[in-house]
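Here is a short briefing on a structure that may be new to you. Please look over the sequence and the model before reading on.

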Amino acid sequence: MRRPTPSPRIGLDTRTDLPLIMSTLSRNEEMARRDLGVVWHPCTQMKDHERLPLVPVARGEGVWLYDFDGRRYLDAISSWWVNLFGHANPRINDAVRAQLGKLEHVILAGFTHAPVLELSERLVRLLPTGLARCFYADNGSSAVEVAVKMSFHYWQNRGRRRKTRFITLSNSYHGETLGALAVGDVSLYKDTYRPLLMDVITVPSPDCHGREPGETWEAHSRRMFGPMEEALAAHADEVAAVIVEPLVQCAGSMRMYHPVYLRLLREACDRHGVHLIADEIAVGFGRTGTMFACEQAAVSPDFMCLSKGLTGGYLPLSVVVTTEEVYGAFYDDYTRLTAFLHSHSYTGNPLACAAALATLDIFESDRVIERNVALARHMARAADRFRDHANVAEVRQTGMILAAELVRDRSTGERFDWRERRGLKLYEFALSQGALLRPLGNVVYWMPPYVMDESQIDFLADVTLRGIDIACA
Ligand code: PMP
């Protein structure tokens, strides 16, 4: 057993300020035991932890997470897709620390502060043309709620009272709050709550995993636009907006599609008088190879939702950026009651905005998007190790997201029964080897921090290959 380091403050561990409990448990075991007595973890069947060890993290540094027993784990999923430049990044740390000495938080109604206005100006400069007004919230789901409410409310203010519905893609994911869940389509998260959710129009996804043999991504995505065009033609007078995750349906097993779909969608939304909401919460900030995924289709949505990488994975912050046209529909005398009276206590938190500004600084000074091109290429080469594996139906990649679809039999495409929980086996194996991989069902993926180096990606490829062998045996 590793003994806790003796502490000058008797009875307290200086690393955690938690009371020391002298026992035969390792520090990890002790932390896990206490945690499981009081914490209810997200997206978890807590009973799994009767068998599955929880991993208490003492600290992070760069691409590594360190537990209390001194073991380390390569963070291959950027801690739920948020981290861009590593844990405890000195530049972001400094920026947050400097802001902490000035202002930790202030109400954003009637007041403003330097970090929020500077961030807004910089985002507007960076984002596709036309996106000019920033409305803040504090997590991704809340940003989706804001975009959905704003679009609906825009049409109400414009006198188009029948426009109350939304079109979404099958297999899409937009968050867990009730409005966000309603416009998503992952049944595992949604089915239980259906009686609570608004009714939406769901159109088949352009996901290229389903393309015909020999069909290109572009041809498939173009063909899959047919049902969207039909839905728009049939329902435009009652639809406020179409909401999509540009290029990659991340929570929907990292399914990917061609930018041509976004181009056709923008054109059709314009033609039918329907808003386009781009949920770039997961794919924004360089994930797909460009700063924003919409750039690859050269389109500008009416609403763009951003979160996760916005603060480099440091602090909860989200923003919906919209057009002057939308903003103008709410701008009137107070007594006309057209204002967008939506708020969250931590809207535009200064510490989070300071982390976001430091993140944008790193993008600029380190030419991150350019450097990621080489890194993404290396990810593709490293994945060659399992590309032709008997249990891998497909390896797909868009920029800094790479995913492998695991199947029972590559030649027939037969899938594993979800109850076999093959992905969980891979997760456990990877942890034992010092890597955090968290497959989505039977899809194992890499979404690394951009500071991961080539040898670390090679290590990841090795763990992934051996993990596939073990999980699929
Ligand atoms: N939209 C997308 C595309 C997401 O991937 C996520 C989170 N995985 C969300 C919305 C919700 O964000 P949050 O978890 O911060 O509520």
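Predicted model: local features only at pLDDT ≥ 70, side-chain atom pairs only at ≥ 80, totals over all residues.

Residues are numbered from 1 along each chain as its sequence is written, and side-chain values use heavy atoms, with hydrogens and water left out.

**Domains**

- The protein chain is assigned domain 1 (55-88 + 368-472) and domain 2 (92-365). Such bounds come from an automatic or database domain assignment.
- The centres of domain 1 and domain 2, taken over C-alpha atoms, are 27 Å apart.
- Domain 1 gives 29 residues to the contact, and domain 2 gives 27 residues. Contact means heavy atoms within 4.5 Å.

**The interface**

- Between them, domain 1 and domain 2 bury about 2,500 Å². Carbon and sulfur atoms account for 62% of it. Buried area is the accessible area (1.4 Å probe) that two parts lose on being put together, summed over both.
- The interface of domain 1 and domain 2 holds 16 residue pairs in polar contact, with both residues at pLDDT 80 or more. A polar contact is a pair of N or O atoms within 3.5 Å; within protein, one must be able to donate a hydrogen and the other to accept it, and residues adjacent in sequence count only if both atoms are side-chain atoms.
- On the side of domain 1 that touches domain 2, the elements giving two or more residues are helix H2 (78-81), helix H13 (368-382), strand S13 (392-398), strand S14 (401-406) and strand S16 (443-446). Helices (H or I, at least four residues) and strands (E, at least two) are DSSP runs, numbered from the N terminus.
- S13 supplies the largest share of that side, four residues.
- That side of domain 1 has 18 nonpolar, seven polar and four charged residues. Here Ala, Val, Leu, Ile, Met, Phe, Trp, Tyr, Cys and Pro count as nonpolar, Asp, Glu, Lys and Arg as charged, and the others, Gly among them, as polar.
- Two salt bridges cross the interface of domain 1 and domain 2.

**Salt bridges**

- The count comes to 37 salt bridges. A salt bridge is a side-chain nitrogen of Lys or Arg within 4 Å of a carboxyl oxygen of Asp or Glu.
- Arg211 and Glu394 form one, at 3.2 Å from N to O.
- Glu405 and Arg255 form another, at 3.0 Å from N to O. Glu405 lies in strand S14 and Arg255 in strand S9 (residues 255-256), so the pair ties together parts that are 150 residues apart in sequence.
- Glu405 is buried at 4% relative accessibility, and Arg255 is buried at 15%. Buried means under 20% relative accessible area, exposed over 50%, and partly exposed in between (1.4 Å probe, protein chains only).
- Arg266 and Asp302 meet in a salt bridge at 3.0 Å, N to O. Arg266 lies in helix H10 (residues 260-272) and Asp302 in the loop between strand S10 (275-279) and strand S11 (303-306), so the pair ties together parts that are 36 residues apart in sequence.
- Both Arg266 and Asp302 are buried.
- Salt bridges with shared partners link Asp207, Arg211, Arg255, Glu394, Arg396, Glu405 and Arg415 into one network.

**Glu215**

- Glu215 sits in the loop between strand S6 (201-203) and helix H8 (217-223). Glu215 is buried, at 16% relative accessibility.
- The side chains of Glu215 and Arg223 form a salt bridge at 2.8 Å, N to O. Arg223 is partly exposed, at 41%.
- The side chain of Glu215 also reaches the backbone nitrogen of Glu212 at 2.9 Å.

**Glu238**

- Glu238 is in the loop between helix H9 (225-235) and strand S7 (239-244). Glu238 is buried, at 17% relative accessibility.
- Its side chain makes a polar contact with the side chain of His235 at 2.6 Å.
- Leaving aside neighbours within four places in sequence, Glu238 contacts Arg162, Lys163, Thr164 and Arg165.

**Gly313**

- Gly313 lies in the loop between S11 and strand S12 (318-322). Gly313 is partly exposed, at 26% relative accessible area.
- Leaving aside neighbours within four places in sequence, Gly313 contacts Val82, Asn83 and Lys308.
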